[in-house]
Amino acid sequence: MSNNVKGEQVFTNCCTGGPVYVYVKDGKITRIEPLELSKDDATWVIEARGKKFSPENRARVSAYALAERSRIYGSSRILHPLKRVDFDPKGDRKQANRGKSDYKEISWDEALDILCDEIKRIRVNYGPGAMLSTPSSHHNWGNVGYRHSTYFRFMNILGYTYADHNPDSWEGWHWGAMHNWGFSWRLGIPGQYDLLEDALKNSEMMVFWSSDPSTTSGIYAGQESAIRRLWLKELGIKMVFIDPFYNFTAINFSDKWFAPRPGTDTAMAAAIAYVWITEDLYDKDYIKSRTYGFDKWRDYILGKEDDTPKTPEWAEKESLIPAREIRALAREWGKKKTMLAAGGLGGWGGACRTAYGTEWARMMVLLAAMQGLGKPGSNIWSTTGGVPFNADFVFPGYAEGGISGDPANSAAHFQMISRGVTMHPVSSAINNPGGQHIPRILVPECIMNPPQEWRGKGFCGNSTETQFMKYKYPEDGFSELKMFWRYGGAYIGTMNNTNRWVRMYRSPGLEFVVNQSIYLEGEAKFADLILPACTNFERLDISEAANCSGYIPHSSYGTNRRMIILQKKCIEPLGESKSDYEIFCMVARRLGFYEKFTEGGLTEEDWVKRVFNASDLPKYISWEEFEKKGYFVVPLPKDYKPTPTLRWFAENRKKDTPDWGPIGGATQGLPDSEGYIDTQTGLIEFESQSLKRFDPNDEERPPVTKYIPSWEGHHTKELYSKYPLQLISPHPAYSFHTMYDAKGCWINEIPEHRVKAKDGYYYWVIRINPMDAKKRDIEEGDIVKAYNDRATVLLAAQVTERVPPGVVHSYESCAIYEPIGEPGESPDRGGCVNLLTPHRYISKNACGQAPNSCLIEIAKWNK
Amino acid sequence: MTRWGFVIDISKCNACYCCFTACKDEHWDNDYPPYTASQPKYEQFWMNLARNERGKYPYIKVAYMPVPCMQCADAPCIKATRDGAVYKRPDGIVVIDPQKAVGQEQLVKSCPYGAIFWNEEKKLPQKCTFCVHRLEAGEIPRCVQACPSGCIVFGDLDDPQSDVSKLIKSANAEVFHPEWKTSPNVYYIDLHKMTKYFVAGAVVYGDTDECAEGVTATLTADGRSVKTTTNNYGNFEFDGLDVGKYTVKLEYAGYAPKTIDIDLKTDNYLGDIVLAKA
């Protein structure tokens, strides 16, 4: 800890980018530094191939964690309650002016009057379910203040129709891979237990397929894993990258780069399998004893089913990767013990968010199975997780429900249910499978064009079958939506074809929109009333770095050590902003359920202590010591024994990892004590039995995994001739979702993120190959318009060989929407490339998003 | 004596930009008298990153290079200053006195590395000081603290046992633009990734259309030769080259050897090179 300037106070805190020390002088934050651990804190050593590997004594945080100060004191902080100037709740509401009209400051009293009157009016006129609400994924960090906690507690009591989040990072794994190998409680991706040690000891190669761990960090783990990739390099482990973008991990580690045409990864994977089958390069014992239905899939690969053998030559036509190179990769992979990093978290990856991205994720599992998935050195692992980890120590992640105790809408609430965070858990009478709820990706359609139908309620983690269930809006007996209580403003930058969102906000059917937000950006500018929330540096909370838990059990194995942080209130909330808990307290008081919401008057500090006492912390450290030190590092058990993910499965024995299992026990008749995974056969299924049962004739998600050409790609000839560039828009490298973009954050000055043009505006970056740029007379730094039938977005061109000709790359998650004319109808200079992306489902029954199947054209912007 | 220096390993920079934001956090709105006045919130980059992209799709290399003030022993800014406003401390750190240097805009242009920035509001030239205010409190510079990959190493260049001294020796670290003769105290490992060129190709067996593994590739210039062998993708590569005339010869038993003359002006990926059966 530093104390080189007299009079500074030092506080601990944590954010999506990692744990930090916050220095404060005279009520102002002066610096934010990475958490420094002491020699006395617990650590570990892995010995592999004659070398010793151990983490450093400092948290490795992301660039945006270190830019927090510029964000906290950001340019678009909302400092007072705001009302749209031409919104008259008692007269003309002028909904069509949303997004255009200015705001005026009002008092909290006035704001609460308007809000509570509207809630009552909506309830009286329309009955339950007429109020829609949904939060952005990340408003703040901390187990008390997080959306599953404070927000759910409040909304569940108030009653609301929830817009369920789609599993936006998992998509193809959730809707696809889950049917081949289970892991429903992880939404179809595997655990990473002890795979760092396994890789260091046993692996010979890594294949990063649609995986950029240097930037995505798994999730929330900052730069903690950077050192692990250096260890792999030190040991001479070869690294191959398959990604249409020469990504930020490839720049340091790529021994070979393949850039398949977006959406054709599955064809390339099929050709790899073809080489393994025809050249006898796969683990036949494993296929025989640990998998089911291989023969049918083999017949598809060999072309016995459709007269098209999936040869490397066939895949070359689809992917544009030379057949001989696919063959060379397959041979090397077939001979070397290989870790497949299929996305940033083991699974994930932009390829799973394409049309039929289900098939890519399924194919990844099947390729890994052909190489003895779970045997030493052979697994699905992306370097971002799987350090030595004490899973016996209980400390909750944010998705365990916190102070709501909501059992239905918080994954993994069972972890904490008996530990007493809340004495009076709350659940929603409306937001449950038998009530009314809508999917986030259909919010505009539900409001503007009811009725709507879809399958699956949000993250379908309860079982593989949950995603088959059909729902509709409006639900029988429930009201249509009339009011929207939005929390945060990200979706124009993160959902798809988002002019839909703009049009929805301006439609007359939506009578009242309130947004609770820290920043005046994105959707917040479409609200009638705005409630100013503060950041987690302005209130008290408690958390563990990188621990979300829920559908990523034990996610804090992404940091090198488990670091539990007391998130101290560093400064007073700026302006009149307030913590979300305080805002909800004020509303609850007026609506008469303050006692219930606060469980009899508990303060944020009381709740933080409840979380502390409900965890295993008191077994190791007193509240007083914890408060003084500000953090705690969880030690490993003395007799720690690594249990690599799926080793037990490969060896056909009882599961020995600390992973959870399907909620309610194992699959019927096949308890996981017998070496079975959570599929119908208990084996990895090349022919999925759950999909066969659901619809054996679903050609868009067949029981036997296949390559299916994209519904928006090089095969859609007419569209492709009009819009010949394929846009991929992965999760951003330098911001967490929209959190650190715009708003005066230093991240905007990173030229890979935004570029300041001659007009003084910071434009979002799009990457284009020099050949494509030349054809269009575009030079580095030029302002270009990217467009298709859905929208036009103004961006700064980065002319680079890091994308092949025909492909353009621009990250998603732009925070600001700034149309140069009529909202929803004019070009956006903010940089929301998701205005361009399709909102079509991955496939007809897989109701996820596929932004990486997007055709556009680009031209120089001369205005 | 202590002489502070950086050794920066370009191969380890993953463009995370942690050094970049940490530097801003340290200095924005914070005065550290008598060494630095506060940095404006935007548009000063005391720790900057340079990007270098080499080659053409599908064979490319990308490197990022952290660029702080080089703390030159023979600093052009000291020569360009008036009234002793820029001075070198005994530990090698070059300091622009935030009071005496007011109005001395000529210092910005004096730095060939572009490491001095003009503060319009304060009429002050400003730059990195290796966080000298932190060093005096026994702490390390912010960029070094923030770097997650050990790319930026800090230490005493006059101590032969220090990490920086050992690295300079073992990894052939070099200064950037030695021809400017400013004697920087910042050294780089794998500087060729920013300053030199490569020749690479993909060799194919003409008869089988397979990637040609194990082919001997010999690069010759001015009578001197280096050899390498193609990998399983048929790729060979020679990096760290200057512009000039080169010859690449490819040989594999049973195939007709092939010789390619190259007039190297920039990185050159030769693409597929087919060897015919002898």
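When I say that two residues are in contact, I mean that their C-beta atoms, placed from the backbone, lie within 7 Å. Please also keep in mind that this is a predicted model.

With that term in hand, take Ile272(A). Setting aside its neighbours within four places in sequence, Ile272(A) is in contact with Ile326(A), Leu329(A), Ala330(A), Trp333(A) and Leu367(A). Ile272(A) is also one of the residues with the most contacts inside the largest nonpolar core, together with Met364(A) and Leu795(A). That core has 360 residues. As general background, nonpolar side chains in soluble globular proteins tend to be buried together.

Now to chain A as a whole. How many helices and strands are there in chain A? There are 26 helices and 34 strands. The C-alpha atoms fill a box of roughly 75 × 65 × 55 Å along the principal axes. The radius of gyration of chain A is 26 Å, which agrees with a compact globule, because a globule with 863 residues would have a value near 29 Å. Of those 863 residues, 63% count as buried. Counting contacts in chain A with a separation of 6 or more, 75% are between residues 24 or more positions apart.

Next, the domains. The domain assignment divides chain A into domain 1, residues 194-388, and domain 2, residues 717-860. Their C-alpha centres lie 28 Å apart. Across the boundary, 17 residues of domain 1 of chain A are in contact with 19 residues of domain 2 of chain A. On the domain 1 side, the elements that give two or more residues are α7 (213-216) and α15 (357-370) of chain A. By class, that side has eight nonpolar, seven polar and two charged residues.

Last, the other chain. How many residues of chain A are in contact with chain B? The count is 39 residues of chain A, and they meet 37 residues of chain B. Several elements of chain A give two or more residues to this side, among them α1 (63-66), α2 (68-72), α8 (226-234) and α14 (323-335). The largest share, five residues, comes from β3(A), which spans 28-34. By class, the side of chain A that touches chain B has 18 nonpolar, nine polar and twelve charged residues.

That is the tour, and I am happy to go back to any part of it.

Definitions and conventions:
Residues numbered from 1 in each chain as written. Chains lettered and ligands numbered in written order. Predicted model: local features only at pLDDT ≥ 70, side-chain atom pairs only at ≥ 80, totals over all residues. Helix = DSSP H or I, 4+ residues; strand = E, 2+ residues; numbered from the N terminus. Nonpolar A, V, L, I, M, F, W, Y, C, P; charged D, E, K, R; others polar. Rg over C-alpha atoms; globule rule 2.2 N^0.38 Å. Buried ≥ 20, exposed ≤ 12 C-beta atoms within 10 Å, placed from the backbone. Domains from an automatic or database assignment. Core = buried A, V, L, I, M, F, W, Y, C linked by C-beta atoms within 7 Å.
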